[in-house]
Amino acid sequence: MYVCMCHAVTEDQVKRAIDGGANTPRQIAKGCKAGTDCGSCVRRIQALLGEHGARPCPTARLAARLGLADPAAEAVPAAAEAPAAAPLRAA
């Protein structure tokens with residue numbers, strides 16, 4: 001799967017860079033240029049770094065420091081949150 005469409009960088013290439021010692025998005029960009037054009041892939045690169053024990057996303061560090069919950073863990077479908085509607089009564 002492609003991580004960076006601008007430079008045709010795949011998830012496997014990013015994982016190999018992490019296995020090779022890259023700890024930050026900037027270090028990954030030095031090797032394959034992922035994240036250096038439009039920047040839309042940087043969040044995915046940060047997630048891959050976090051999954052492989054490298055430097056976590058700065059937003060995740062800030063949330064942890066402030067004691068906020070992980071937004072991904074809190075994501076609940078809207079249908080699950082809303083109470084069941086009461087049946088309509090005939091007049």
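How many disulfides does a search of the whole structure find?

## Cysteines

The search finds 0 disulfides, a disulfide being a pair of cysteine sulfur atoms within 2.5 Å. The structure is a predicted model, in which local features need pLDDT of at least 70 and side-chain atom pairs count only at pLDDT 80 or more, while totals for chains, interfaces and linings use all residues. Residues are numbered from 1 along each chain as its sequence is written, and side-chain values use heavy atoms, with hydrogens and water left out.

For Cys4, the closest cysteine sulfur is that of Cys41, and the 4.0 Å between the two sulfurs is too far for a bond. The sulfur of Cys38 has its closest cysteine sulfur in Cys6, at 3.7 Å, which is also too far for a bond. Cys4 is buried, with a relative accessible area of 2%, whereas Cys38 is exposed at 53%. Here, buried means under 20% relative accessible area, exposed over 50%, and partly exposed in between, for a 1.4 Å probe and protein chains only.

## Helix α1

Helices (H or I, at least four residues) and strands (E, at least two) are DSSP runs, numbered from the N terminus. Helix α1 spans residues 11–19, and its buried residues are Glu11, Val14 and Ile18. These buried residues fall within an arc of 65° when seen down the axis, so they line one face of α1. The arc is that of the directions from the helix axis to the C-beta atoms.

Exposed Arg16 and Asp19 lie on the face of α1 turned away from its buried side. The cover over the buried residues of α1 includes β1 (2–4), β2 (9–10), α2 (25–32) and α3 (42–51). Just after α1, Gly21 has a positive phi of about 115°.

## Helix α2

The buried residues in α2 are Ile28, Ala29 and Cys32. Their arc around the axis is only 100°, so they are on the same side of α2. The face turned away from that buried side carries exposed Arg26, Lys30 and Gly31. Elements covering the buried residues of α2 include β2, α1 and α3. After α2 comes Lys33, with a positive phi near 70°.

## Nonpolar core

A nonpolar core is a set of buried Ala, Val, Leu, Ile, Met, Phe, Trp, Tyr and Cys residues joined through side-chain atoms within 4.5 Å. The largest one has 13 residues, of which Val3, Val9, Val14, Ile18, Ile28, Ala34 and Ile45 touch the most other members. Two or more residues come from each of β1, α1, α2 and α3, and α3 gives the most, with 3 residues.

Beyond its neighbours within four places in sequence, Val14 is in contact (heavy atoms within 4.5 Å) with Val3, Val9, Ile28 and Leu48.
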